[in-house]
Amino acid sequence: MTKAISPLLPIVYSGEVTAAKARNAPIVALESTIITHGMPYPGNLEMARSVEAIIRQQGAVPATIAVLDGVLHIGLEAAQIEALAKFKGAMKLSRADIAFAIAERRTGATTVAATMIAAARAGISVFATGGIGGVHRGAEETFDISADLEELARTAVIVVSAGPKAILDIPKTLEVLETRGVPVVTYDSEDFPAFWSRTSGLPSPLTLPSPAAIANFQKMRKQLGLDGGMLIANPVPLADEIPREEMEIYIGRALANAEREEITGKNVTPFLLDNLFHLTNGRSLKTNIALVENNARLAAEIAVAMND
Ligand code: PSU
Ligand code: MN
């Protein structure tokens, strides 16, 4: 009997990432769903370029991850980022469908979950994003819980965020992370942040004061034989934050709009983010870009510390 030959994974590293791997330089993974589904053009392109520049300034190398025509890209060239930022038909890929997009030669952007999978496959241990997905409000009815949480429990990548998106149920999100054994560490603050706002009103499960301490903690987890990643919450800079009480008003309206329009599944998060962009006259986007930039800086510092 002849055995069927398994297809090889089509994976391409950018020139910059290839060189970084050869000299063992620190690399920071970046997701692409934030580009295709999280922000409108041209703000998305501006953000994608500026986070890469910030990572380089810190002495690390950026690796934006996406599936382009069935090829898994670890690091995108400038023209590929621009094309993706303008492309309307990209899939939003998570653990369930990243291999589908590759097998079917599709183009898709990677969420936090899918970016973690690709980063781990490429030997990259630090990843910067805006906010992770989590337990949606009303999840007791809808069962809408992002696959990002399960991925954090499984895959050994440090994810630097500004907290879970405030459109979520933050207490329930923290409960699931605790149950699944995911460390949640706020950088330099006792208050757990809520994406656009510096505080969620909840204390952070853990706090660490420096990138070196974060790197050391993850190394200690590995020593203990613990797998899985960890969530770093990096509060949005004060100058860019939208206070929680104010944001809650807009979020309430966006959630009501989503319910009225019967938005479900993968479309929920992009719909709410787009609605908030309009409800805040673009202010939510400005804050979103500022917090991703802030996270890219911290992630690069952690990546450098991981190499020490
Ligand atoms: N953070 C942002 N904008 C985004 C997202 C995160 O600032 O668009 C994306 C991430 O890719 C995250 C995804 O993984 O939203 C979560 O989607 P869902 O709730 O459908 O799992
Ligand atoms: Mn969901």
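# A tour of pockets, ligand and cavity

Begin by selecting H2, helix H8 (147-154) and helix H12 (268-279), each of which supplies at least two residues to the lining of the largest pocket. Helices here are DSSP runs of H or I with at least four residues, strands are runs of E with at least two, and both are numbered from the N terminus. The model is predicted, so to speak of a local feature requires a pLDDT of at least 70 and side-chain atom pairs count only at pLDDT 80 or more, whereas totals for chains, interfaces and linings use all residues. Residues are numbered from 1 along each chain as its sequence is written, chains are lettered from A and ligands numbered from 1 in the order in which they are written, and side-chain values use heavy atoms, without hydrogens or water.

**The largest pocket.** A pocket is an open set of points on a 1 Å grid over the protein atoms alone, with protein on both sides within 12 Å along at least five of seven lines, while a cavity is a set where a 1.4 Å probe fits but cannot get out; lining residues have an atom within 4 Å of a point. The largest pocket holds about 470 Å³ of space, a volume being the space filled by probe spheres set on the points. Select Lys 92, Thr 111, Ser 146, Asp 148 and Thr 269, which lie nearest its centre among the 28 lining residues. H12 gives the most to this lining, with four residues. Each of domain 1 (1-124) and domain 2 (129-308) contributes at least three residues to the lining of the largest pocket, the bounds coming from an automatic or database domain assignment.

**Ligand 1.** Next, show the 18 residues around ligand 1, of which Glu 31, Lys 92, Ser 146, Asp 148 and Thr 269 come nearest; a residue counts as near if one of its heavy atoms lies within 4 Å. Then look for polar contacts, which are pairs of N or O atoms within 3.5 Å. An oxygen atom of ligand 1 lies 2.7 Å from a side-chain N or O atom of Asp 148, and for Lys 165 the corresponding distance is 2.9 Å. Taken alone, ligand 1 exposes 480 Å², of which the protein buries 94%, with areas from the Shrake-Rupley method and a 1.4 Å probe.

**The second largest pocket.** Move on to the second largest pocket, with about 360 Å³ of space. Its lining has 16 residues, and those closest to its centre are Arg 137, Thr 142, Ala 258, Ile 263 and Val 268. Helix H7 (139-142), helix H11 (244-260) and H12 each give two or more residues to this lining, and the largest share, three residues, comes from H11.

Helix H2 (33-36) and helix H3 (43-57) are the elements that give two or more residues to its lining. Domain 1 (1-124) and domain 2 (129-308) both give residues to the lining, so the largest cavity lies between them.

**Two loops.** Finally, select Pro 42, which lies in the loop between H2 and H3 and is joined to Tyr 41 by a cis peptide bond, with omega about 5 degrees. Asp 69, in the loop between strand E3 (61-68) and strand E4 (71-74), has a positive phi of about 50 degrees although it is not a glycine.

Definitions and conventions: Polar contact = N/O pair within 3.5 Å; in protein donor to acceptor, adjacent residues only side chain to side chain.
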